[in-house]
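Colleague: I'm new to reading protein models. Could you walk me through this one with a few questions and answers?

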Amino acid sequence: MDIPAMRASFAKAAAHGDQVPLWFYSHLFLTHPETREMFPVSMATQRDRLFAALGEVMSRVDDLDALVPILQQLGRDHRKFGALAAHYPAVGASLLATLEHFDEEWDDELAASWTEAYGLIADVMIGAADEAADQPAWWEAEVVAHERRTLDVAVLQVRPRTPLGYLPGQAVSLEIDQRPRLWRWYSPANAPRPDGLLELHVKARDGGPVSSALVRLTRVGDVMRLGPPVGHLSLDTDSDRDLLLVAGGTGLAPLKALVDQVARHGPARRVDLFVGARTEDAFYDRADLHRLEQEHPWLTVTPAVSQEKGAPAEHGDIGDVVLRHGPWNSRDVYVAGNPAMIEDTVTRLVHSGVPMARIRTEVFAPSRPSPTLDGKVTE
Amino acid sequence: MTTSDTGSGYEAGPPTADDLRAVHFTPASMLHPGYTDREVDAVLARAADGLAQLTDENGRLARENVQLAEENARLRAQVQGLQEQVDAAAARPSPSDQAVGILATAQLTADEYVAEAEDFSRQMTSEARAQYEEQLTAAREKAGAIIQAAQEAGAAIRGNGIPVVSGGQPESEELQEQVAYLKAFSQACRVQLRSYLEALLSDVETEWGRAHPGALPTPPRGTRPQQLERGRPDVAFSANATADDTEPAGAVPASRSSS
């Protein structure tokens with residue numbers, strides 16, 4: 001395998017931008033029409049994703065220790081798309097045809113290198129998928145409750161038909177009948193429960209096909225598909241430090257799951273949860289948080305409103321409000337929300353003396369189609 | 001008998017090739033040259049048994065071999081079929097660049113439509129939200145103002161009977177207007193009632209004077225202007241006072257006893 005030569009040929013193709021994945025998928029669908037139905041109607045984001053993934057793989061191809069776990073995760077996750085071992089050679093053939101098409105100096109040696117490399121990648125992915133064969137490729141889950149909490153936020157309770165194991169703070173991808181082949185990531189807002197229910201917090205993004213449908217079209221009794229859980233915002237169980245949780249918007253969901261975990265499994269510790277919103281009306285989960293606060297003396301919930309003055313909640317950016325209640329130097333800190341909110345909060349906390357190593361974050365951004373190769377479910 | 005060291009002549013089981021090579025038969029006797037027939041028979045019997053056994057074995061193996069060959073051929077065909085499938089899958093005729101180009105264009109068109117639809121939806125929802133938030137803010141401000149005005153009015157009413165409203169708010173202006181109107185109205189009423197009563201009183205006085213001018217006791221007549229003077233602020237009281245004047249002696253004790 002001549003890795004430098006492969007990198008050079010990949011760079012040549014990459015210079016053609018969107019044309020390359022466009023050509024690749026067209027080639028794939030023409031040679032194997034049966035693969036078309038695994039993809040959404042619009043391939044725009046899909047094309048970006050494929051190339052980003054290939055680029056990541058190429059940049060790590062000489063660091064197998066790092067690459068293999070990533071490929072294994074990809075292989076496991078691709079089961080939910082209906083990817084079978086038989087599809088891998090098809091993809092490989094189209095990939096080679098594409099690279100050849102965009103490389104005028106393509107030769108047999110390069111073809112052999114790429115064939116070998118792709119073979120390795122496919123083997124790892126197929127192997128991981130086979131190992132996960134005792135798990136379902138996806139879980140069907142029925143919507144058992146759907147509450148519109150604000151103009152654009154809904155809280156859903158869904159019940160998987162077979163048990164779905166996950167860690168609090170992790171996310172699962174989901175696909176609904178109204179928006180086929182569009183998988184989006186959502187964090188359950190509870191730790192696994194004996195009745196198997198998952199609580200999902202969904203904010204309808206303007207123009208977001210899946211989130212809007214989940215908020216406005218989904219009804220009790222609808223069945224959705226859930227993919228295997230991934231994510232890194234899980235509670236550090238080796239630590240028994242008190243917790244500081246800072247949530248913006250629906251970033252509340254994974255943090256509420258951590259609260260639930262402490263409540264169910266301990267270890268006992270103090271938990272301060274700050275919830276930020278633009279306006280007083282945007283606190284979509286106020287009643288349930290209030291209930292939790294009543295039930296658990298170790299939990300303190302502080303809402304903060306950034307734009308509306310004169311509200312009963314504290315006024316100010318969430319990061320600012322958090323610092324006013326500090327110091328937090330002895331806490332494990334978890335922050336989830338939009339990128340600006342996270343950056344601001346983390347900067348302030350680090351500035352105030354919280355070690356960076358004790359801060360974990362989860363970015364909630366519009367359209368989170370898939371995890372990165374590092375396994376992060378958000379950009 | 002002198003045979004091989006193994007003495008194979010009498011042993012059971014099929015003779016090995018070495019056994020046979022090592023066989024020595026004992027000369028029978030001087031009279032009968034040759035081998036002892038018993039020993040020869042025994043070896044032959046063993047050899048025959050062994051041969052039969054080997055023949056059987058060979059037949060069985062041959063049959064097995066045929067079966068295996070058949071099995072092998074079947075598997076080979078299967079593998080070939082699979083290989084053909086795999087080859088067909090891997091080396092499906094590569095589509096022409098033209099075909100790829102046409103599909104790519106179609107895909108781009110579809111992508112554009114979807115993007116446009118999403119964009120349209122984005123615009124609609126964000127406009128609707130902006131409108132909603134605007135209306136909500138306006139409604140909230142209006143409600144806030146009304147509540148404030150009401151609170152001020154309430155405070156003023158609690159403070160003293162006459163609302164002293166600081167100007168500026170539309171509601172307080174309205175209140176002020178209403179208060180002024182009520183003041184004017186009460187003044188007008190007061191004036192009208194007063195003139196009516198005065199006229200009535202003078203009428204009564206006239207009629208009463210006409211009816212029994214001589215029977216009128218002097219003291220009440222003298223006190224009437226004073227009573228009227230006191231009664232003026234309260235219309236009802238002065239009316240009663242005038243009525244009382246008709247029966248001054250009887251009315252006073254009666255009202256005392258009833259009180």
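Colleague: Which residues of H3(B) does H2(A) meet?

Modeller: This is a predicted model, in which local features need pLDDT of at least 70, side-chain atom pairs count only at pLDDT 80 or more, and totals for chains, interfaces and linings use all residues. Residues are numbered from 1 along each chain as its sequence is written, while chains are lettered from A and ligands numbered from 1 in the order in which they are written. Helices (H or I, at least four residues) and strands (E, at least two) are DSSP runs numbered from the N terminus, and two residues are in contact if their C-beta atoms, placed from the backbone, lie within 7 Å. From H2(A), the residues A:Leu22, A:Trp23, A:Ser26, A:His27, A:Phe29 and A:Leu30 meet B:Ala99, B:Val100, B:Leu103, B:Ala104 and B:Gln107.

Colleague: Which element gives the largest share of the side of chain B that touches chain A?

Modeller: In this interface, 22 residues of chain B are in contact with 20 residues of chain A. On the chain B side, two elements give two or more residues: helix H2 (37-90) and H3 of chain B. The largest share, 17 residues, comes from H3(B).

Colleague: Now to chain A itself: is H4(A) oblique or roughly parallel to H6(A)?

Modeller: The axes of H4 (residues 64-77) and H6 (residues 108-131) of chain A come within 7 Å and cross at roughly 55°. Because of that angle, H4(A) is, relative to H6(A), oblique.

Colleague: What is the order of the strands in the open sheet of chain A?

Modeller: Strands of a sheet pair through backbone hydrogen bonds, either parallel or antiparallel. Two strands count as paired if DSSP finds at least two bridges between them. The edge strands, each pairing on one side only, are S10 (314-315) and S12 of chain A. With six strands and parallel pairing, the order is S10-S9-S8-S7-S11-S12.

Colleague: How many bridges join S8(A) to S9(A)?

Modeller: On one side, S8(A) pairs with S7 (residues 243-248) of chain A in the parallel sense over six bridges, and A:Ala247 stands opposite A:Val275 there. With S9 (residues 299-305) of chain A, the partner of A:Val271 is A:Leu299. S8(A) and S9(A) run parallel, and the bridges joining them number seven.

Colleague: How many residues of S8(A) are buried?

Modeller: A residue is buried if 20 or more other C-beta atoms lie within 10 Å of its own, exposed if 12 or fewer, and partly exposed in between. A:Val271, A:Leu273, A:Val275 and A:Ala277 point one way, A:Asp272, A:Phe274 and A:Gly276 the other, and all are buried. For S8 (residues 271-277), the count is seven of seven.

Colleague: Is A:Ile359 buried or exposed?

Modeller: A:Ile359 lies in S12 (residues 359-363) of chain A. Its contacts, leaving out residues up to four places away in sequence, are A:Val333, A:Val335, A:Val346, A:Leu349 and A:Val354. Because it has 20 C-beta neighbours inside 10 Å, A:Ile359 counts as buried.

Definitions and conventions:
Axes fitted to C-alpha atoms, helices over the stretch in contact; angles between N-to-C directions. Parallel < 35°, antiparallel > 145°, perpendicular 65-115°, else oblique.
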